[in-house]
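Subject: Structure handover

Hello,

Here is the structure I promised to pass on.

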Amino acid sequence: MDRFQEMQAFVRIAERQSFTQASEDLRIPRATVTNLIKRVEQRIGTRLLERTTRTVRLTQDGEAYYRRCVRLLADVEEAEGLFRDTAPKGLLRVNLQGTLARHFVVPALPDFLARHPELTLHIGEDDRLIDLVREGVDCVLRAGTLQDSSMVGRRIALLPQVTVASPDYLARHGEPADPAALAAPGSTHRAVDYLSSATGKPVPLEFTVDGRVSTLQLPATVSVTGTDLYTGSAVAGLGLVQVPRYRVAAELADGRLKVVLDGFAPPPMPVSVLYSQHRQLSARVRVFTQWLREVFEAAAL
């Protein structure tokens, strides 16, 4: 048991705030993790962690030691990558937005694993922005404009978006000629509100008019928080929605939905890989990010 392993154990405990979860991540017994921390605290002569029956927190000295350990471990990994012609290996923990995972990522995973046979993947699914460090995740894949400044984002794709409605809805409310017609006097047009996971507020409709993006908040009878519910509400004739085209390809093909205001399309939706700004980009995350870029490019969006 060397100092490198002590630092690995300490960093994982600090990030997961749990001895048990750290031992599971590192795949070593919990007793070993406990002994590693005791050993490092005895050697440097200070308490690094405050332990209670429910939580584990860094002391002031622990915070300073954590920052140094993160840099040292990153330097070691980078040095090994420079001087040893070895493939990335180990466990890569990723969190994917559900619709992106199902449509683009999971079907292509056999190719990624064939390229990198020494990597294993732990995949979580979420639409919300998560605390990467606290939840022990290396990177996340998300669509949309990102507001969280605590993470570094690498854009890997732009998804074309469309405004759609069901034929039944258009028969009842009419097909608008331009965005202004949606809010004109006498208009009965409605939207299905998609509630932002960050703010809890409805996301307005967006249209590109004369090269500029304008927003419009229409009345809504239904508000949703899930992408499947959002599309399903449009199919049910409950209002207009705006989604990436890939997400409604089947509904457009079989006539359940129709594109409207095609000449005033919403701006494309960015897709990004995010990781903590406090961590150096590992070789595992680097190859995964590059592969994701290739997957989206091959999709001919």
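Which element gives the largest share of the lining of the second largest pocket? Strand β12 does, with three residues. Helices (H or I, at least four residues) and strands (E, at least two) are DSSP runs, numbered from the N terminus.

Before you go on, note that this is a predicted model: local features need pLDDT of at least 70, side-chain atom pairs count only at pLDDT 80 or more, and totals for chains, interfaces and linings use all residues. Residues are numbered from 1 along each chain as its sequence is written, and side-chain values use heavy atoms, with hydrogens and water left out.

**Pocket and cavity**

The second largest pocket holds about 1100 Å³ of space. Its lining has 35 residues, and Ala-143, Gly-144, Thr-145, Val-203 and Met-269 lie nearest its centre. By class, 18 are nonpolar, 11 polar and six charged. (Ala, Val, Leu, Ile, Met, Phe, Trp, Tyr, Cys and Pro count as nonpolar; Asp, Glu, Lys and Arg as charged; the others, Gly among them, as polar.)

The whole structure has one cavity of 30 Å³ or more. The volume of the largest cavity is about 40 Å³. Strand β8 (residues 191–194) gives the largest share of its lining, four residues. The lining divides into nine nonpolar, one polar and one charged residue.

On terms: on a 1 Å grid over the protein atoms alone, a cavity is a set of points where a 1.4 Å probe fits but cannot get out. A pocket is an open set with protein on both sides within 12 Å along at least five of seven lines. Lining residues have an atom within 4 Å of a point. Points are joined across faces, edges and corners, and a volume is the space filled by probe spheres set on them.

**Salt bridges**

The search finds 12 salt bridges (a side-chain nitrogen of Lys or Arg within 4 Å of a carboxyl oxygen of Asp or Glu).

Glu-6 and Arg-43 form one, at 2.8 Å, N to O. This pair links helix α1 to helix α3, 37 residues apart. Glu-6 is buried, at 1% relative accessible area, while Arg-43 is partly exposed, at 34%. (Buried is under 20%, exposed over 50%, partly exposed in between, with a 1.4 Å probe and protein chains only.)

Arg-115 pairs with Asp-111 at 3.2 Å. Arg-115 also pairs with Glu-294, at 2.8 Å.

Finally, Arg-12, Arg-16, Asp-25 and Arg-93 are linked in a network of salt bridges.

Best wishes
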